[in-house]
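Welcome, and thanks for taking a look. Please keep the model open beside you while you read this briefing.

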2 protein chains.
Amino acid sequence: MSVPPPETSPDDERAALRRRLIEVATDVLAEEGPSALTARRVTRDAGTSTMAVYTHFGGMPGLVRAIVGDGFARLDRRMGEVPITDDPLQDLVALGESYRRHALEHPHMYAVMFGTTSLGGYGLNREEREIGLVAFGNLVAGVQRAMDAGVLRQGSPDAVAGQLWTALHGYVMLEQSGFHLVVDHPEADVLAPMMTNLMVGLMA
Amino acid sequence: MSVPPPETSPDDERAALRRRLIEVATDVLAEEGPSALTARRVTRDAGTSTMAVYTHFGGMPGLVRAIVGDGFARLDRRMGEVPITDDPLQDLVALGESYRRHALEHPHMYAVMFGTTSLGGYGLNREEREIGLVAFGNLVAGVQRAMDAGVLRQGSPDAVAGQLWTALHGYVMLEQSGFHLVVDHPEADVLAPMMTNLMVGLMA
DNA sequence: GCAGGTGTCATAACATTGTGATCGATTCGA
DNA sequence: TCGAATCGATCACAATGTTATGACACCTGC
């Protein structure tokens with residue numbers, strides 16, 4: 001009788017190493033920041049050599065792109081888990097909180113995802129940015145529900161969701177940059193009223 | 001009679017070299033981006049050696065800090081040039097346009113000023129962030145005028161200016177990151193209505 | 001079953017980076 | 001005028017991304 005196939009085929013090992021590199025790189029980025037995200041460090045922690053980065057990702061920018069794609073997928077999953085209630089406005093608030101909490105829990109990842117300053121020459125191309133916009137779809141859907149329910153003025157859901165996302169994104173960016181020194185309680189004095197005021201303008 | 005002082009005293013030369021390094025670094029950043037902003041490149045263009053960076057700025061982070069301080073000062077000056085009319089609301093819009101235009105004209109500088117991802121281990125400390133907030137004062141003053149004129153509901157000018165700044169900052173960040181693919185005309189469909197809606201919420 | 005080709009990984013090297021040590025020149029103060 | 005101190009030029013060092021080289025395993029054709 002024939003021997004059963006080995007537990008791990010070469011293809012599996014290839015994919016496993018690729019996945020392990022992404023996981024290690026994500027961990028290093030989360031725990032020690034972008035300056036620690038080097039090819040030598042990641043490959044050493046993953047138990048391989050620097051060449052793995054090049055055979056699997058073509059270089060450091062490719063590895064960063066891979067973990068950023070992972071980050072966007074996680075953000076999308078997280079926003080997708082926000083339950084839909086019969087209060088569309090509250091759902092939008094919950095989506096925003098989910099977005100912000102994700103950013104707060106993964107600050108370095110968030111910074112790289114939306115970063116303008118390059119990390120080792122890394123930069124998103126158009127296609128990858130569109131991948132990043134899948135998470136945005138959750139917000140568009142929420143806005144559509146609010147319009148259907150009549151709590152938000154009719155209009156383009158994309159444009160309205162863009163406004164909400166823009167304002168929230170600005171807050172999170174300033175929050176992470178440490179630029180929220182102007183007021184003592186930025187969340188209560190800036191974030192909450194800003195979203196409320198924006199909503200008010202979106203209703204009437 | 002005593003000889004007139006030489007055209008350039010050593011103190012002047014010191015200050016001149018320091019200023020020249022800042023100017024060269026600012027130019028290199030503007031024209032070739034953060035990846036070209038190296039100690040060797042800047043000092044070579046300035047006609048000196050890498051040591052100048054250390055004697056005058058303590059290292060590359062110090063040089064970056066210096067040019068960022070310059071960038072904030074320029075932003076402050078630019079926003080301060082926005083004329084005050086008898087339409088406080090329009091003045092706020094003009095301030096926002098001034099802010100955005102400055103960011104568009106100096107994208108790399110803006111990215112470093114508000115960047116979360118580090119540029120060679122550079123990061124702002126609390127004091128330097130407060131320096132960055134001087135430009136914010138222009139917006140606070142504009143909000144105060146609008147409140148005094150009764151076109152904006154009474155409240156904390158800091159908090160309200162923070163809301164406006166946050167939303168605008170979010171737009172500029174997304175614009176520069178290239179994340180404005182959702183709508184065809186982001187300026188008309190997102191920026192303008194967002195600011196308008198926010199203003200509406202800030203009036204009644 | 002087996003030779004050849006393909007892909008992957010380890011090792012080592014190279015160019016470039018920030019940074020520190022050393023040393024000579026230049027300038028200021030007494 | 002002379003000593004001290006500061007500044008900058010040169011060199012050195014560690015770390016980075018990247019590439020070349022070679023060895024090894026694995027598919028693929030017979």
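Helices (H or I, at least four residues) and strands (E, at least two) are taken as DSSP runs and numbered from the N terminus. On that basis, chain A holds 10 helices and 0 strands. This is a predicted model, in which local features need pLDDT of at least 70, side-chain atom pairs count only at pLDDT 80 or more, and totals for chains, interfaces and linings use all residues. Residues are numbered from 1 along each chain as its sequence is written, while chains are lettered from A and ligands numbered from 1 in the order in which they are written.

**Chain A as a whole**

- Reading from the N terminus on, the elements of chain A follow the order α-α-α-α-α-α-α-α-α-α.
- Along the principal axes, the C-alpha atoms of chain A fill a box of roughly 70 × 50 × 25 Å.
- A residue is called buried if 20 or more other C-beta atoms lie within 10 Å of its own, exposed if 12 or fewer, and partly exposed in between, with C-beta atoms placed from the backbone.
- By that count, 39% of the 204 residues of chain A are buried.
- Two residues are in contact if their C-beta atoms, placed from the backbone, lie within 7 Å.
- Among the contacts in chain A with a separation of 6 or more, 64% join residues 24 or more positions apart.

**The nonpolar core**

- A nonpolar core here is a set of buried Ala, Val, Leu, Ile, Met, Phe, Trp, Tyr and Cys residues joined through C-beta atoms within 7 Å.
- The largest such core has 109 residues, and those with the most contacts inside it are A:Ala25, A:Leu164, A:Ala167, B:Ala25, B:Leu164 and B:Ala167.
- Setting aside residues up to four places away in sequence, A:Ala25 touches A:Leu37, A:Val42, A:Leu63 and A:Ile67.
- A:Leu92 sits in helix 5 (residues 88-105) of chain A, and it counts as buried because it has 24 C-beta neighbours inside 10 Å.
- Again leaving out residues up to four places away in sequence, A:Leu92 touches A:Gly142, A:Val143, A:Ala146 and A:Leu164.

**Helices 9 and 10 of chain A**

- Helix 9 (residues 157-177) and helix 10 (residues 186-203) of chain A pack at an angle of about 170°, with their axes 11 Å apart.
- Axes are lines fitted to C-alpha atoms, for helices over the stretch in contact, and angles run from 0 to 180 degrees between N-to-C directions.
- Helix 9 and helix 10 of chain A are therefore roughly antiparallel to each other, a term for angles over 145 degrees, where under 35 is roughly parallel, 65 to 115 roughly perpendicular and the rest oblique.
- Helix 9 of chain A brings A:Val160, A:Gln163, A:Leu164, A:Ala167, A:Tyr171 and A:Glu175 to this contact, and helix 10 of chain A brings residues including A:Pro186, A:Val190 and A:Leu202.
- The residues of this contact divide into 11 nonpolar, 1 polar and 1 charged, where Ala, Val, Leu, Ile, Met, Phe, Trp, Tyr, Cys and Pro count as nonpolar, Asp, Glu, Lys and Arg as charged, and the others, Gly among them, as polar.

**Where chain B touches chain A**

- Contacts link 45 residues of chain B with 45 residues of chain A.
- On the chain B side, helix 6 (107-113), helix 7 (126-132), helix 9 (157-177) and helix 10 (186-203) each supply at least two residues.
- Helix 9 of chain B gives the largest share of that side, 13 residues.
- By class, the chain B side has 22 nonpolar, 19 polar and 4 charged residues.
- B:Val190, in helix 10 of chain B, counts as buried because it has 27 C-beta neighbours inside 10 Å.
- Apart from neighbours within four places in sequence, B:Val190 is in contact with A:Ala159, A:Gly162, A:Gln163, A:Thr166, B:Tyr171 and B:Val183.

**Around DNA strand D**

- A residue is near a strand if its C-beta atom, placed from the backbone, lies within 6 Å of it.
- Of the 22 residues around DNA strand D, A:Thr38, A:Ala39, A:Gly59, A:Met60 and B:Ser49 come nearest.
- Helix 3 of chain B gives the most to this surface, with 4 residues.
- The surface near DNA strand D has 9 nonpolar, 10 polar and 3 charged residues.
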